[in-house]
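Please look over the sequence and structure shown here. The briefing below sets out how the chains are built and how their residues are packed.

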Amino acid sequence: MDLNPIWLVEDSASDIELTLSALQESSLANSVVVLRDGSEALERLSELRPGGAVPPVILLDIKMPKVSGMEVLRKIKSDPSLKNLPVVMLTSSNAGPDVRECYLLGANAYVVKPVEFGDFFDALKTLGKF
Amino acid sequence: MSQANSTLVAETLMMAIVDSSDDAIYSKLLDGTILSWNRAAEIIYGYTASEAIGQPMSLVVPPERHQEVQDLLQQIRQGDRVKHFETVRERKDGSRIDVSVTLSPVMDAQGKITACSVIARDITVRKDAEKHLEQMEGRYRGLLEAAPDGMVVVNQGGKIVLLNAQAEKHFGYRRDELLGQKVTNIIPEGFAERLIADGTRSAAEALAQQIGTGIELNGRRKDGTEFPIEIMLSPLESTEGILVTAAIRDITERKRAEREILALNRDLERRVELRTAELSCAMRGLSESVKELESFSYSVSHDLRAPLRHLDGFLTLLYKKSYSTLDDSAKHYVDCALQASQRMGRLIDDLLQFSRLGRSEIRKMQVDLNLIVNQIRKELEPETRDRQVVWKLDILPNVPADEGMLRQVLENLIGNALKFTRRRPVAEIEIGSEPGPNGEVVIFVRDNGAGFDAQYYNKMFQVFQRLHSDQEFEGTGIGLAIARRVVERHGGRIWAEGIVGKGASFYFALPS
């Protein structure tokens, strides 16, 4: 199992705390790297080296200041060296347009916040990773 | 045949012809003595041949006309013929008859005029008819003169043969200036063509045409000015052939009034257009503000989710973490806080749903309502599990609608029915359909639950308006507003009836 840290890209402190709490419940062994906004994520992405440590999954919040989750997703999925990274979008609601756009951009799965342990696990299963 | 024989045959033939004629044929000497008298003469004059022959002609001549006979005979002596002379004769019974006589001189073998032959035709009937006609014409002229409209009578040549005082006034002519003139002098477009056409129609047809509208033309006065007229034609049979009577009405005033009405109408139309434009502007403004409200609701409810989420999340964590350390009242506080946040979540969800309704497209297909009702019943199973619920379900027709939206309506209505019958030992819920006016389909959901006070009917379908307190029956007060939105977007309508403590019926009609 890939034990590299999972990335959580989320700007809201409360959401971070709640998500981490849920992740703890899921008894995932991986540690979590928290990136506070989209621009941080893009920076970290650019530092990735092929063959180096790559996150097994990126949890990406949609609505963030500066650089939004959609833009990060777009960047990941349009970059040949990055597009295979599994991305799980975190949405406020399963309102149609948001979800549709995520999938159009190439998200692998989405989870409605607050991240519930069960939903999260289902999402991971769709990724076929764990 | 011998000479004598053929003469005899000829004479016999002659006599037969004379006697079979309907006209009186007789002859007299130049002094007037009657020589021969045919059968018709007997009938016409009333004297038999034996009574007439040998008598003077004056037998059948009224006293005042004796000189006339002398004059006729004089002409005969001169060798002239008199043809179709109309005169009056007297019958045996004294009655007068009108006759038309044709006299011819009779010559002997030497060519000397010795007698006169007369053919007399009884023209009494004809004369009577002519007199009658004259009388009628006279009466007609009287009527004509008295008519309020200008009356002009035109002959087949298009010339005016009669007109009345009104016509003189209309056109500014004296009668004698117009008689004999072409009617096109006063009605330039003429109805001469119409004259020929209309004048030859049967009296019945013409009468039928007369009733109703006339023909609008222009009349021209003596001074050259033109004015609008309306004429109505009718044929007139007369001794001079078929004439056409035109009743002429000066419609200058009427035309002016018509123009005014038209102008008023146009003005009215313009005002209506303006008003409509204003209204549709306002409507657009209204629909824009509705759209604004909807997008506002959308973004607000979206943004509200985050803090709500946190509220709920941390309360739950708190609950889990400190459950054992909290005393009863503390636990109660946390419970209340959690419930409140959950309620807020529902409110926001509902609000979001409501706002989405306005923005989404309606995708119409034939929707199987029975399927939806059964699905909803299954979804509501957890609620009905420990309850006595009697379902009365009719077979519902398919309706053209957006399936998802219609499902929301039924979810709301059926959900409500279940909710408000909660206090009944046996809940009765009836779902059916009835035909509505104009081919609409009307679906109803009826329950025997708490009902509602019809006094507050207006509030029922509004956003967040409820007719029951949250303690009685929970709810956000948006379900019916959503249902109404959906139904109205489909071009239908929704309404309800209810009696407090008895039950409620909710109806919605969709165009088919």
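This is a predicted model: local features need pLDDT of at least 70, side-chain atom pairs count only at pLDDT 80 or more; totals for chains, interfaces and linings use all residues.

Residues are numbered from 1 along each chain as its sequence is written, and chains are lettered from A and ligands numbered from 1 in the order in which they are written.

**Chain A**
- Chain A holds five helices and five strands, where helices (H or I, at least four residues) and strands (E, at least two) are DSSP runs numbered from the N terminus.
- Read from the N terminus, the elements of chain A follow the order β-α-β-α-β-α-β-α-β-α.
- Of the 130 residues in chain A, 35% are buried, a residue being buried if 20 or more other C-beta atoms, placed from the backbone, lie within 10 Å of its own.
- When contacts in chain A between residues at least 6 apart in sequence are considered, 66% join residues at least 24 apart; two residues are in contact if their C-beta atoms, placed from the backbone, lie within 7 Å.

**Chain B**
- Chain B contains 16 helices and 17 strands, and 24% of its 512 residues are buried.
- For chain B, 55% of the contacts between residues at least 6 apart in sequence join residues at least 24 apart.

**Helix α16 of chain B**
- Helix α16 (residues 479-489) of chain B is largely enclosed by the rest of the structure, because nine of its 11 residues are buried.
- The buried residues of α16(B) include B:G479, B:L480, B:I482, B:R484, B:R485 and B:V487.
- Just after α16(B), B:G491 adopts a positive phi of about 85°.

Notes. A residue is buried if 20 or more other C-beta atoms lie within 10 Å of its own, exposed if 12 or fewer, and partly exposed in between; C-beta atoms are placed from the backbone.
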